[in-house]
Amino acid sequence: MQNKSSNQFVCPMHCEGDKVYFSPGDCPVCHMHLTPVVKFGMGMKLNYSGVRPIPHHHIPSSTVLHQVTSKEKYYCPMHCEGEKMYDKPGDCPKCGMSLVAEQGIETTEEETAYRKMIRKFWIAFILCVPVILISLSNLIGSVHLEAIAPPILWGWIELLLSSAIIFYCSWDFFIRGWNSLRRWGPNMWTLVSIGVGSAYVFSVFALLLPSIFPPQFLDDSGHVHLYFEAAAMILTLVLLGQVMELRAHSKTNSAIKALLGLVPPIARLIRNGKEEEVPLEEVVVGNLLKVKPGEKIPVDGRITTGEAVIDESMITGEPIPVDKFSGDTITAGTINGKTAFEMKAEKVGSDTLLAQIIELVNQASRSRAPIQKLADRIAKYFVQIVLLIALITFIVWASWGPEPAYVYAFVNALAILIIACPCALGLATPMSIMVGTGRGAQSGVLVKNARVIEEMNKVDVLIIDKTGTITEGKPSLKAFHSFGELSDEAVLQLAASIDINSEHPLAEAIVKGAKDKDITFVNLEQFESVTGKGVRAVYNQQLVGLGNHRLLADFGVELSDENQQVVRDWQMSGQTVMFLVVGQTVEGIVSVADRIKVTSSKAIRELQMMGIKVHMLTGDNEYTAKQVADTLGLDGFTADCLPDDKYNTVKELQGQGYVVAMAGDGINDAPALEQANVGIAMGTGTDIAMQSAEITLVKGDLQGIVRARDLSRKVMRNIKQNLFFSLVYNSLGIPIAAGILYPFFGLLLSPIIAAVAMSFSSVSVISNALRLRRQ
């Protein structure tokens with residue numbers, strides 16, 4: 001059985017789609033260097049100094065970020081016992097200082113490939129300089145190399161130096177070119193290897209056997225001009241392009257690496273009432289952990305004791321810290337404020353939100369946008385056309401060009417092969433997709449597939465659910481009003497004081513609303529919950545109650561017509577109304593509602609300004625739905641919807657030619673999310689909704705859809721700019737290289753200048769794609 005490494009690698013050009021390789025190396029199709037899949041890793045734990053291996057049974061995942069060679073050690077910063085190293089984090093047994101993680105020297109496969117390539121580039125650069133100086137010596141009046149040594153010796157020096165560049169620094173390029181021909185899949189390496197190989201072989205024969213060449217190839221001294229400098233310079237520039245590309249791939253993963261860097265190396269485990277520091281990999285679900293002020297939260301969980309202000313900006317993209325109380329969920333990698341609290345671990349390792357974010361970004365960066373298929377088709381036929389143009393150029397110049405005709409024919413054909421390299425065309429789409437998905441992750445927009453980035457830019461109808469999408473998805477205090485002698489605040493005070501003993505969700509909403517308004521609670525006696533009606537208690541020797549209309553019947557009281565109208569108006573606006581009864585009098589009413597998120601109104605206006613019609617489909621009643629739609633200015637709404645209704649509405653709109661996006665958060669939204677052109681799940685929703693959707697919003701509000709649309713627009717614009725950059729050089733360069741300007745201006749394009757232009761097109765594409773990180 002084949003032993004597969006836990007590491008995974010993919011081709012940056014996606015030659016075989018999403019195919020994954022299990023060892024580093026080159027793609028067997030295009031021979032580009034395989035890039036590692038950056039993931040929350042199996043048997044790995046990221047920390048401040050790098051990563052280190054951990055037992056595999058703690059974090060079950062499929063891939064790793066780094067390939068490491070040693071287990072991490074810890075040392076005392078005071079060196080109390082010399083250079084003694086410890087296997088676990090903790091305190092020094094002598095001075096009590098916290099042990100410091102050793103700064104390891106482990107490197108990623110990506111970094112290894114980059115260092116190898118940059119080393120080859122510098123070697124090629126150093127060897128290339130004297131080759132160029134020797135070649136250009138005749139053009140520099142003050143340099144007379146023939147006075148030092150005969151031209152044949154300088155030719156041999158050029159041969160030795162350029163051979164080192166070809167056979168040591170750049171041999172991989174020729175292997176790639178050969179494989180492209182063997183598979184009949186011409187690409188940039190086909191042109192590089194044929195062009196550079198032709199220049200090199202021509203020069204070798206010209207140096208060793210000049211007598212076999214026609215007289216027109218000979219200069220006044222009887223020597224054939226050598227093109228070693230063209231071969232050396234072109235390959236050095238190609239190496240520079242490869243160095244930049246490897247560095248760019250590393251930068252495109254910087255968002256993922258930054259997320260991985262959020263994970264702290266240790267956790268403070270509370271065991272048998274005592275606090276101890278343990279490596280993060282030893283934390284399991286159910287553990288009780290302590291988080292101190294300023295520390296990063298180690299795993300996903302829930303606060304059990306205390307409260308905190310958490311900075312979640314690195315996960316949600318929102319800069320304002322969030323207040324968290326006992327029972328609230330917290331996320332691994334977010335940063336605690338100035339208080340300490342205890343938490344219960346609920347998700348660890350690859351189950352945490354952070355790990356899921358990284359996996360989604362990886363899936364998106366490995367996927368292909370439909371526009372990339374166009375670029376692939378262009379590149380496939382482009383290389384074959386270029387080879388044909390180069391052949392025609394050689395024939396035309398050899399047949400009708402000025403003397404020495406064959407020299408002109410060779411140089412111009414060589415310039416065409418070099419300037420037409422479609423490397424920039426191949427990079428145009430993948431670079432933008434990788435940078436864009438990483439940028440999206442930093443702003444809380446997780447893209448599952450590159451297709452969605454392109455599709456999101458075409459969306460003209462957005463369907464949204466109400467509960468949990470437009471609204472908060474949980475009841476909250478809406479209003480309170482007095483019908484009698486009590487003030488409005490006194491009505492809320494008494495209602496909350498009764499409900500503080502109730503476990504009903506509506507009661508919790510009223511109590512929380514009262515606390516937010518700094519209402520002081522009063523003591524009541526003989527609390528009693530009345531099933532299906534409300535609650536009762538005794539206050540100042542009077543029976544008081546809070547509940548629905550059935551509770552009014554128990555108390556034997558009725559509302560006046562005026563008060564009944566107030567209640568109806570509140571109910572028509574989607575509020576759930578509860579009556580406060582004191583003795584035999586209805587003293588007031590308190591209402592709760594699923595409150596509209598503060599970000600919803602602004603987000604909907606921005607989406608409509610982008611040309612998107614926003615429709616709401618909800619299972620709620622007509623009155624509540626209309627009130628929400630009118631408040632937000634929606635383009636349309638449908639109430640009392642079942643899951644099938646949402647699914648059918650999406651299909652109906654698609655049948656009318658609309659590109660439909662669906663945003664939802666519940667199990668009932670899953671069919672519609674699956675059917676929509678773009679499914680958008682709220683990160684606060686159910687796992688099923690997130691699995692059915694192709695975009696997940698970590699924050700879980702509509703402002704994330706605005707960011708997703710904006711991201712889509714910027715990425716697609718960036719891709720089109722890249723395609724322009726990559727094609728404009730070729731479109732302008734090929735005719736010039738073929739010699740179209742020669743009859744009019746006597747201008748020809750040197751193969752070296754062609755190599756500079758080819759490299760500059762790749763630089764333009766890479767630099768333009770990396771701009772997305774700052775937008």
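This report describes selected features of a predicted model, moving from its sheets to individual residues and then to its aromatic rings.

## The seven-stranded sheet

Seven strands come together in an open sheet whose order is S17-S29-S28-S27-S18-S25-S26, and the pairing within this sheet is mixed. The edges are taken by strand S17 (445–447) and strand S26 (636–638), each of which has a single partner strand, so one side of each is left without a neighbour in the sheet. From one strand to the next, the twist averages 20 degrees.

Which residue in S13 is the bridge partner of Ile-310? That partner is Val-322, while in S15 the bridge partner of Ile-310 is Asn-336.

Ser-600 has its place in helix H18 (residues 600–609). Is Ser-600 buried or exposed? With a relative accessibility of 0%, Ser-600 counts as buried, because the cut-off for that class is under 20% relative accessible area. A polar atom of the Ser-600 side chain lies 2.7 Å from the backbone oxygen of Ile-470. When neighbours within four places in sequence are left aside, Ser-600 is in contact with Thr-469, Ile-470, Leu-632 and Leu-702.

Leu-486 is found in the loop between strand S19 (471–482) and helix H14, and this leucine is partly exposed, with a relative accessible area of 29%. Although Leu-486 and Glu-587 are 101 residues apart along the chain, their C-alpha atoms are separated by 6.7 Å. Not counting residues up to four places away in sequence, Leu-486 touches Val-491 and Glu-587.

Glu-503 also lies in a loop, between helix H14 (488–499) and helix H15 (505–516), and is exposed, with a relative accessible area of 72%. From Glu-503 to Ser-529 the sequence separation is 26 residues, and the two are 9.7 Å apart in space, C-alpha to C-alpha.

## Aromatic pairs

The structure holds eleven aromatic pairs, and the table sets out two of them.

| Pair | Arrangement | Centre to centre | Angle between the planes |
|---|---|---|---|
| Phe-121 and Phe-125 | tilted | 6.1 Å | 35 degrees |
| Tyr-200 and Phe-228 | edge-to-face | 5.9 Å | 65 degrees |

Phe-121 and Phe-125 are separated by about one helical turn, because they are four residues apart in helix H1 (residues 109–135). Of this pair, Phe-121 counts as buried at 9% relative accessibility, while Phe-125, at 38%, counts as partly exposed.

The pair of Tyr-200 and Phe-228 is edge-to-face; Tyr-200 lies in helix H4 (residues 188–208) and Phe-228 in helix H5 (residues 228–252), so the pair ties together parts that are 28 residues apart in sequence. Tyr-200 is buried, with a relative accessible area of 12%, and Phe-228 is buried as well, with a relative accessible area of 0%. Both residues belong to one aromatic cluster, which is formed by Phe-167, Trp-171, Phe-174, Tyr-200 and Phe-228.

## Cysteines

How many disulfides does the structure hold? The number is zero. Cys-128 counts as buried at 2% relative accessibility, and Cys-169 counts as buried at 3%.

Conventions
Residues are numbered from 1 along each chain as its sequence is written. This is a predicted model: local features need pLDDT of at least 70, side-chain atom pairs count only at pLDDT 80 or more; totals for chains, interfaces and linings use all residues. Side-chain values use heavy atoms; hydrogens and water are left out. A disulfide is a pair of cysteine sulfur atoms within 2.5 Å. Buried means under 20% relative accessible area, exposed over 50%, partly exposed in between (1.4 Å probe, protein chains only). Two strands pair if DSSP finds at least two bridges between them. Helices (H or I, at least four residues) and strands (E, at least two) are DSSP runs, numbered from the N terminus. Axes are lines fitted to C-alpha atoms, for helices over the stretch in contact, and angles run from 0 to 180 degrees between N-to-C directions. A polar contact is a pair of N or O atoms within 3.5 Å; within protein, one must be able to donate a hydrogen and the other to accept it, and residues adjacent in sequence count only if both atoms are side-chain atoms. Contact means heavy atoms within 4.5 Å. Rings of Phe, Tyr and Trp (its six-membered ring) pair if their centres lie within 6.5 Å; planes under 30 degrees apart count as stacked, over 60 as edge-to-face and the rest as tilted.
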